[in-house]
Amino acid sequence: MPFNVLVVGAGAVGCFYGSKLDPEHTRVSLVCRSNYELAKTQGFELETHSFGTYQFTPHSVYATVEEAAALASEPWDYVCVATKALSMDLSSVEFLAPVISETTTIVLLQNGVDIEAPYRERYPRTPIISAVTVISAAKTHPTRIVQYRWTRISLGPYTDLHGSATTPEARALLNRTEDRVRDFAELLTRGGIKDAETYDALGIQLVRWHKLCINASMNTSGVLAGGRSNPDMVRDPALRKHIEACMHEVLEATPSVFGCPMPDKFASPAKLLESTARNTSQSASSMVQDWKAGHALELDAILGNAIRVAEAHGASMPRLQSMYALLQSAEAMRAMT
């Protein structure tokens, strides 16, 4: 029997990875919002750097999670959340309840750190896969996705921020989740994704923290710099210096938060900056795109949570704190106009 996969959030990330799950062993369906009618009748066109241009026709398209629960003939094996992480409140994850069964695994394809915590609190016995993506892509039309550069996806089981499982029940859930991580990574590999990497429970949290070097340093600065792209900013000497200092701030907090330094295998700030400078697409980050479109920003997931976690472990990140305060104010002032 094929795995029944539900992707909640039909943006660039959800459509790209949903379209690349092994078609012989999965039935991939989508929950769409504003693009529901077009997605249901047309499917999606993907213009990609890695796989050329192709059509993605989901098995089913639903307007709501409730509809996906009511109309599906079988329980959902994987529910992939690819929406923006706009709230860390417990109530913000309640919407998934109708599609969660005893056999479901939640896959979180979202930015930020400690974003899994409300899902674990609400669904304490459900396996949760934490997925960290590096992808330069955008939805340029309601049913058209463009991938500009190479991608990477990292997968690991979620227990807590530190990857601990101290009770028999927690260890049993961790074992189940590790099996589902391997299965999901294999589905991606069979679908053509060659860079699906798997980590243990602590390792995936270090991957999440390391990605703050991009999300919390570049994407946030792009908004404050007037909507500039990451490649454009790193070619500006003053902005490059600022971004590099933010990256070091993130990495210097790692031993305090996790009890170990960032592994050497992860790219240094210098390598990240060099790679970004080579990007010729000039595509803006998702945060800059959201700001220009008047959408809410993932400030708590990317900045607020990181600052709070660092402070709870005796570390401070003053540059990130300053950007958090400025962006919160900018959002508040925009809401008043």
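In the predicted model, helix 8 (residues 237–258) passes helix 9 (residues 269–277) in a right-handed crossing. The two helices pack at an angle of about 140 degrees, and their axes are 10 Å apart. Only angles over 145 degrees count as roughly antiparallel, and helix 8 and helix 9 are therefore oblique to each other. On the side of helix 8, the contact comprises Arg240, Ile243, Glu244, Met247, His248 and Leu251, which meet Pro269, Leu272, Leu273 and Glu274 of helix 9. Divided by class, the residues of this contact are 6 nonpolar, 1 polar and 3 charged.

Helix 8 also packs against helix 6 (residues 201–224). Here the angle is about 155 degrees and the axes lie 9 Å apart. Helix 6 and helix 8 are therefore roughly antiparallel to each other, and the crossing is right-handed. Helix 6 contributes Leu202, Gln205, Leu206, Trp209, His210, Leu212, Cys213, Ser217, Met218 and Ser221 to the contact. Their counterparts in helix 8 are His242, Ile243, Cys246, Met247, Val250, Leu251, Ala253, Thr254, Val257 and Phe258. By class, 14 residues of the contact between helix 6 and helix 8 are nonpolar and 6 are polar, with no charged residues.

A further packing relates helix 6 to helix 9, at an angle of about 55 degrees and with the axes 11 Å apart. That angle makes helix 6 oblique to helix 9. Helix 6 passes helix 9 in a right-handed crossing. The contact involves His210, Cys213, Ile214 and Met218 from helix 6, together with Leu272, Leu273 and Thr276 from helix 9. These residues divide into 5 nonpolar and 2 polar, and none is charged.

His210, Cys213 and Met218 of helix 6 take part in the contact with helix 8 and in the contact with helix 9. In helix 8, Ile243, Met247 and Leu251 meet helix 6 and also meet helix 9. Leu272 and Leu273 of helix 9 are in contact with helix 6 and with helix 8.

The feature "domain: Ketopantoate reductase C-terminal" is placed by UniProt at residues 204–329. This span is 71% helix and 0% strand, and its end C-alpha atoms lie 32 Å apart. For "domain: Ketopantoate reductase N-terminal", UniProt lists residues 5–158. Residues 5–158 are 18% helix and 38% strand, with the end C-alpha atoms 19 Å apart.

The structure contains 8 aromatic pairs. One of them is formed by Phe3 and Tyr78, whose ring centres are 5.7 Å apart and whose planes are at 65 degrees, an edge-to-face arrangement. Phe3 belongs to strand 1 (residues 3–8) and Tyr78 to strand 6 (residues 78–81), so the pair ties together parts that are 75 residues apart in sequence.

Methods: Residues are numbered from 1 along each chain as its sequence is written. This is a predicted model: local features need pLDDT of at least 70, side-chain atom pairs count only at pLDDT 80 or more; totals for chains, interfaces and linings use all residues. Side-chain values use heavy atoms; hydrogens and water are left out. Axes are lines fitted to C-alpha atoms, for helices over the stretch in contact, and angles run from 0 to 180 degrees between N-to-C directions. Helices (H or I, at least four residues) and strands (E, at least two) are DSSP runs, numbered from the N terminus. Angles under 35 degrees count as roughly parallel, over 145 as roughly antiparallel, 65 to 115 as roughly perpendicular and the rest as oblique. A crossing is left-handed if the near helix is turned anticlockwise from the far one by less than a right angle, and right-handed if clockwise. Contact means heavy atoms within 4.5 Å. Ala, Val, Leu, Ile, Met, Phe, Trp, Tyr, Cys and Pro count as nonpolar, Asp, Glu, Lys and Arg as charged, and the others, Gly among them, as polar. UniProt positions are given in the numbering used here, feature names are shortened, and annotations may be inferred rather than shown by experiment. Rings of Phe, Tyr and Trp (its six-membered ring) pair if their centres lie within 6.5 Å; planes under 30 degrees apart count as stacked, over 60 as edge-to-face and the rest as tilted.
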